[in-house]
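Hi,

Here is the structure I promised to pass on to you. Have a look at it first, and then read my notes below.

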Amino acid sequence: MWQAAGPATGKEKDRVLSTANTQALPISVSHVTKTYGAVHALDDVSLEIESGEFLTLLGPSGSGKTTLLMVLAGFTRPDHGSLKFGDREVIRTPPHLRDVGMTFQSYALFPHMSVAGNVGYPLRLRNVPKAEIAERVAGALETVQLGGFGERRIDQLSGGQRQRVAVARAIVFEPRILLMDEPLSALDKKLRDQMQIELRSLHEKLGMTTVYVTHDQREALTMSDRIAVVNHGRIMQLATPRDLYEKPANRFVADFIGDSTFLPVTRRGQQIVFEDQPLNHAAPAPEAPSLLLMARPERIHLLTGTPQERMNTFEAVAQQVIYQGDSYLLNAQLHNGEIMSLRGAVRQGTVDGLPSEGDRIRLGLAPEDTVIIDGRES
Amino acid sequence: MQAADTPQRSYETPVPSGMNAAGLRRDARLERLKLFGLSSPALLLVLVILVIPVGWLFYVSFIGANGQFSLENYERMITRKSYARIFVTTFQVSLLTTGLCILIGYPLAYFLSQLPSRLASLCLITVLLPFWTSLLVRTYAWLVLLQKRGLVNDWGISLGLWEEPIKMVHNMTGTLIGMVHIMLPFLILPLYSTMKSINRDYMNAAANLGASPRRAFWNVFFPLSTPGLFAGSLMVFILCLGFFVTPAVLGGGRVIMVSMQIVSNIELFVNWGAASALGVVLLVLTMAILWIASRFLRLDQIAGGGH
């Protein structure tokens, strides 16, 4: 892990990057639009990123998340809009004068330079004296756990090591803003999980404003302070991971993040009803022409005795049980034909006692988990 | 870090040794034989049209005027001043042509590599177009254009660029113009394919790290394009060493290269030995250059380009 060096010896401490002169900057994106022909890659995007925040742009491929990152880096010129780093307007600043660190999906490590050559390159461009370059390169490599790898060639490194070198190169000149374009997509799952934690703790240590692009919702939930869900060039919702999961703004967000069952519901007077059955729900329902009940599979109870007070219950017929190792998935058909999925943890005995196909069962959903969302796609 | 710590599994114990071993070995041998069988026509062809004639060339170069074994063909090259001048001219013309090709071809290849691929392939066709016209036609076209009362002189004078017709043909200038024109595609093609394979992210990364476009080019793009540049230059240089038609026509007898001396040895003096000896020297020199070059780059890149 990239833990802080801790109570290391004096010499050791000097080699690890200090956070002292890395003041983070807020980023302000307003009304940025980019069209390719008739396609809106970015459609009037406005976004305030706080100083020192870890913000993730999450969306399916082609949603515009990478285009937005490329606008931040200066590689894509938008049609109009404004972009500020702190108080400085940078929308027309060429990339080499923006002073932001970036890691690329392909890592983009220069194959004709050694590891140290790569990491030292931004310092060389800034005319840092040679001795200081060597020191800071060693420090940055130490920070990403690659101490002593300076002389290696890039093609001698594994994927995970390249990823670390790319990070070291992006942070060695202590930029106040760090941009990361799907940095972990080329790694296998185990390594990816480990790197997520490492990148997150690196961010906590260095404190720079970080904009992270991914299409992996779990990665976004794990790492981010806030997540901006992007689709069709627009920001669908900007919220903390928890709010995003529990209070999605619309069907697209609810569908993209996590699994859920959606049931069409209607407003009748003050109540929200599903098939004539009034629902108890903790949070108020949004004002929208169409409404949906979003039920997360792990929040649904399989009822055996009397349900708790105010719990919404649904009569259903059990279908197949899918065993998935750590959990099981039980699909059940409601009377209106909709399938509701229920996920339960697998512990000793839970799987053997499950209903078999065709059994009549009752499903329960607590009012807090009965989330009514805007039924529109965006 | 990477999990390199998977325990070494031992494959030795439970498998009965020698299971199907003889049969598998026979299959492998048969496969090698089939492969050899496929390539044998090509091998035969190379033997007949390359190895035998070159061997014969060697043999003839050691036969003197009296039909006996002698070194006189080689001695002549050392003792006669005119031969030294021919070799110097050959290298001079080849080096200058290569240099001019680089000066013109590098920016052009760079420009092509940065175009959107559909436009780039269209432009590449125009680069390749000269290949589909006869070499002789192209060379005589230059003769027509560059002569005293040719198009270039007419235009230059009527535009007031110069007053008297300039001698641009039957000399070094004409030879170089023609040879650069003919050789340019041989430089551009490998260079273009190398440049095309340079990931655009590299230049973006350099810019992001603070490099101005000019520094990014010299620090990143140029070093990554050198394999293609070496390959293309070497190709042009070696082709120039043995080039005959264009320097013969455009040089007008004033620029004499090794190939032209070979021709006159045969046509004028009917001295096959002398001509063969020149051919051998040219071959040896070319191979020496290739050998030196191969210490700096992998030769397979000359054919394929890229990494």
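Which strands of chain A does helix 2 lie across? Helix 2 of chain A, residues 65-73, lies across strand 1 (27-36), strand 2 and strand 4. To strand 2 of chain A, helix 2 runs at about 60°. Please keep in mind that this is a predicted model.

Now for the sheet itself. In chain A, four strands make up an open sheet, with the order 2-1-4-5 and antiparallel pairing. At the edges you will find strand 2 (39-49) and strand 5 (88-89) of chain A, each of which pairs on one side only. If you follow strand 4 of chain A (residues 80-85), you will see that it pairs with strand 5 of chain A over two bridges, in the antiparallel sense. Look there for Phe85(A), whose bridge partner in strand 5 of chain A is Arg88(A).

Next, the domains. The domain assignment divides chain A into domain 1, given as 10-100 + 175-246, and domain 2, given as 259-374. Taken over C-alpha atoms, the centres of domain 1 and domain 2 of chain A are separated by 36 Å.

Finally, the place where the two chains meet. Here 18 residues of chain A are in contact with 16 residues of chain B. On the chain A side, helix 3 (115-125) and helix 5 (159-171) are the elements that give two or more residues. Helix 3 of chain A provides the largest share, three residues. Sorted by class, the side of chain A that touches chain B has eleven nonpolar, five polar and two charged residues.

Enjoy exploring!

Best wishes

How values were computed
Residues numbered from 1 in each chain as written. Chains lettered and ligands numbered in written order. Predicted model: local features only at pLDDT ≥ 70, side-chain atom pairs only at ≥ 80, totals over all residues. Contact = placed C-beta atoms within 7 Å. Nonpolar A, V, L, I, M, F, W, Y, C, P; charged D, E, K, R; others polar. Pairing = 2+ DSSP bridges. Axes fitted to C-alpha atoms, helices over the stretch in contact; angles between N-to-C directions. Domains from an automatic or database assignment.
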